[in-house]
Amino acid sequence: MKKAISITSLNYSYPDGTKALDDVNIEVEQGEKIVIMGPNGAGKTTLFLHLNGIIRSDDGNVKIFGSSIGDMKVEDRIKEVGVVFAEPDDQLFMSTVYDDVAFGPLNMGLSEEEVGRRVKKALATVGLEGFEERVPHHMSFGQKKKAALAAVLSMEPRVLILDEPTANLDPKSKADLIRVINDLNRNEGVTTVIAMHDVNALADLADRVYVLNRTIVAEGTPRDIFSDPVLVKENNLDAPDLFKFFKIMRCFGADCSQTPMSIDESVTVMTKMIESLEGELYLTVDENTHSLVNEIIASYRH
Amino acid sequence: MKYPEIDKYAELDSVIHRFDPRAKIITFTLLIFSFVFIENLGVAFLTLLFSFFILLLSKIPLGFMFDRMKPGLIFVFPFLVIMPFAVEGNVLFSIYGLNITYEGVYYGILVFVRAATSIMFALTMLGTTKMDVTMKSLYSLKVPAPLVQTLMFSYRYVFVFIDEFISMWTAMTSKGFKLKANKHSLSVVGNIVGMLLVRSCERAERVHHSMSSKGYTGESRTIVKFKMQMTDYCLVAFLVGIALIFKMYEMSLL
Ligand SMILES: Nc1ncnc2c1ncn2[C@@H]1O[C@H](COP(=O)(O)OP(=O)(O)OP(=O)(O)O)[C@@H](O)[C@H]1O
Ligand SMILES: [Mg+2]
């Protein structure tokens with residue numbers, strides 16, 4: 001099977017000399033959910049500009065489904081990858097939401113009915129039904145973010161790339177967005193690559209995590225990454241609260257074999273742990289408990 | 001600060017609102033062009049009255065409309081003041097050796113009235129159609145795409161620009177900046193104007209990226225669905241007829 005994304009030794013410096021990417025290597029299988037984490041200025045947005053063919057790398061370092069992004073025709077490229085950037089005002093340039101969401105499909109040369117169908121579907125997916133005739137300057141930031149997402153979804157790309165999609169969304173919208181991404185991934189096999197800082201929402205969106213800090217400094221499951229406090233601290237990251245909580249539970253004598261990453265998983269872990277102890281869980285405090293707890297807290301604190 | 005939102009009342013319902021947007025653009029442009037060449041002050045006043053009548057028909061709140069007309073009128077106001085002195089002719093009276101002429105006053109008022117008429121027509125036209133519909137009509141009237149796109153983006157991003165200006169201004173005043181007539185103030189204001197320009201250049205680049213990542217290659221493809229009705233043809237005939245009547249009336253006065 002062809003890799004959805006394959007980036008090999010990618011380097012990039014901005015014209016002013018800032019070295020933004022240094023020997024970056026990334027491989028993504030079709031249908032995977034990838035999260036890219038890294039401090040501010042790590043090069044995440046710069047990397048995404050490459051995935052879209054906006055910044056060209058001439059040596060074919062960036063391949064989508066086996067073909068070099070620089071060699072792809074525009075119509076082919078937009079069917080394969082769609083990138084949603086963080087700033088919605090830059091991505092909604094037409095006069096109405098309808099025109100913005102229809103922009104990509106029209107450029108793909110689709111029929112009017114098909115364009116209409118896609119716009120309707122994309123707006124329904126992000127929960128913006130009835131916003132067709134709205135103008136961008138009359139919408140809230142979160143609504144504009146959703147519209148910007150719809151404008152990419154309407155092209156129905158096989159690889160969906162999102163730059164900080166959850167930033168500035170209210171909790172419900174954030175949960176909705178996570179569900180939309182997961183549905184697309186599960187039901188339509190869309191490969192997703194997301195840059196985000198929100199570690200507590202990460203586990204739902206990541207099969208695998210890359211930590212980018214100009215170059216790839218680590219790669220692994222969310223659990224692998226967060227279990228390494230040094231790595232986490234060195235890259236301005238943090239571990240999810242739940243993850244730290246279960247590590248602290250261990251200091252109080254809870255014998256959980258696995259540290260859960262999400263609320264759902266924590267239920268499974270707790271149940272398994274308590275069942276293996278014949279239905280009762282004992283927690284204790286002894287002379288070492290608090291020094292162990294402090295050690296864990298300190299290991300993640302900046 | 002107010003947004004220069006011209007199509008705020010485009011959702012109202014009136015004869016002018018229902019007028020086919022393409023027919024509206026053509027007839028209104030025709031009216032404007034025929035009225036700006038009127039030489040007779042009396043007839044010019046009649047056309048002003050007529051444009052006011054059309055404005056009333058459109059049901060757009062007058063206060064809103066006069067507010068939007070102000071910038072344009074302020075722009076032509078100097079003509080009203082300068083022309084009485086500048087045009088030679090029969091001296092009405094003189095102040096400090098400067099002659100005010102009858103012709104000067106006549107042409108000053110004429111220019112002002114013509115401008116008011118055109119502005120009122122143009123704004124009624126823009127104010128009764130949603131901006132995106134106006135743009136699409138321009139496309140379908142075969143106005144060159146680069147021109148329409150320039151108009152469209154100017155209108156789209158002027159709001160973003162104002163928001164950016166406001167947020168920078170708020171940031172400055174909340175850090176204690178007060179606008180005074182001194183060198184420091186001037187250099188700060190110069191700085192923020194520069195920043196705004198840089199930001200809009202960078203934004204233009206990002207918008208272009210975003211367009212090309214949606215397959216934009218320079219062609220514009222939009223869905224346009226307009227259909228002329230009988231009432232549209234009647235309205236065109238009526239308005240063009242009025243323009244002709246004014247023209248003929250003026251000629252009969254010569
Ligand atoms: N247009 C530009 N010109 C010069 N340098 C730039 C430009 N855009 C970004 N940079 C620099 O490149 C580096 C990577 O920036 P990038 O925007 O990719 O980071 P990021 O990981 O997306 O950060 P954040 O989490 O803050 O969004 C930074 O050091 C930044 O200052
Ligand atoms: Mg970024």
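**Ground rules**

I number residues from 1 along each chain as written, letter chains from A and number ligands from 1 in the order in which they are written. Because the model is predicted, local features need pLDDT of at least 70, side-chain atom pairs count only at pLDDT 80 or more, totals for chains, interfaces and linings use all residues, and side-chain values use heavy atoms, with hydrogens and water left out.

**Entry 1: ligand 1**

I started with the neighbours of ligand 1, taking a residue as near if one of its heavy atoms lies within 4 Å. I found 14 residues around ligand 1, with A:Gly41, A:Gly43, A:Lys44, A:Thr45 and A:Thr46 the closest. Helix H1 of chain A (residues 44-51) gives the largest share of this shell, three residues. (Helices are DSSP runs of H or I, at least four residues, numbered from the N terminus; strands are runs of E, at least two.)

I sorted the shell by class and got four nonpolar, seven polar and three charged residues. Here Ala, Val, Leu, Ile, Met, Phe, Trp, Tyr, Cys and Pro are nonpolar, Asp, Glu, Lys and Arg are charged, and the others, Gly among them, are polar.

Next I looked up polar side-chain atoms beside oxygen atoms of ligand 1, using the polar contact cut-off (a pair of N or O atoms within 3.5 Å). I noted A:Lys44 at 2.8 Å, A:Asn40 at 3.0 Å and A:Glu164 at 3.4 Å. Ligand 1 on its own exposes 640 Å², and the protein buries 64% of that (Shrake-Rupley method, 1.4 Å probe).

A cavity is a set of points on a 1 Å grid, over the protein atoms alone, where a 1.4 Å probe fits but cannot get out; lining residues have an atom within 4 Å of a point. Points are joined across faces, edges and corners, and the volume is the space filled by probe spheres set on them.

The largest cavity has about 100 Å³. Its lining includes A:Val84, A:Phe85 and A:Leu177, and H6(A) gives the most, four residues. I sorted this lining into nine nonpolar, one polar and two charged residues.

The second largest cavity has about 80 Å³. Residues of both chains line it, among them A:Met94, A:His137, B:Asp7 and B:Tyr155. H7(B) gives the largest share, three residues.

**Entry 2: open pockets**

A pocket is an open set of points with protein on both sides within 12 Å along at least five of seven lines. The largest pocket holds about 610 Å³. I found 20 residues lining it, and A:Tyr14, A:Thr45, A:Leu49, B:Arg206 and B:His209 are the closest to its centre. H8(B) gives the largest share, five residues.

The second largest pocket holds about 450 Å³. Its lining divides into seven nonpolar, five polar and 11 charged residues.

**Entry 3: a salt bridge**

I counted 30 salt bridges over all chains (a side-chain nitrogen of Lys or Arg within 4 Å of a carboxyl oxygen of Asp or Glu). One of them joins A:Glu32 to A:Arg208, with the closest N and O atoms 2.6 Å apart. A:Glu32 lies in the loop between strands E2 and E3 of chain A and A:Arg208 in strand E9, so the pair ties together parts that are 176 residues apart in sequence.

Terms used:
A polar contact is a pair of N or O atoms within 3.5 Å; within protein, one must be able to donate a hydrogen and the other to accept it, and residues adjacent in sequence count only if both atoms are side-chain atoms.
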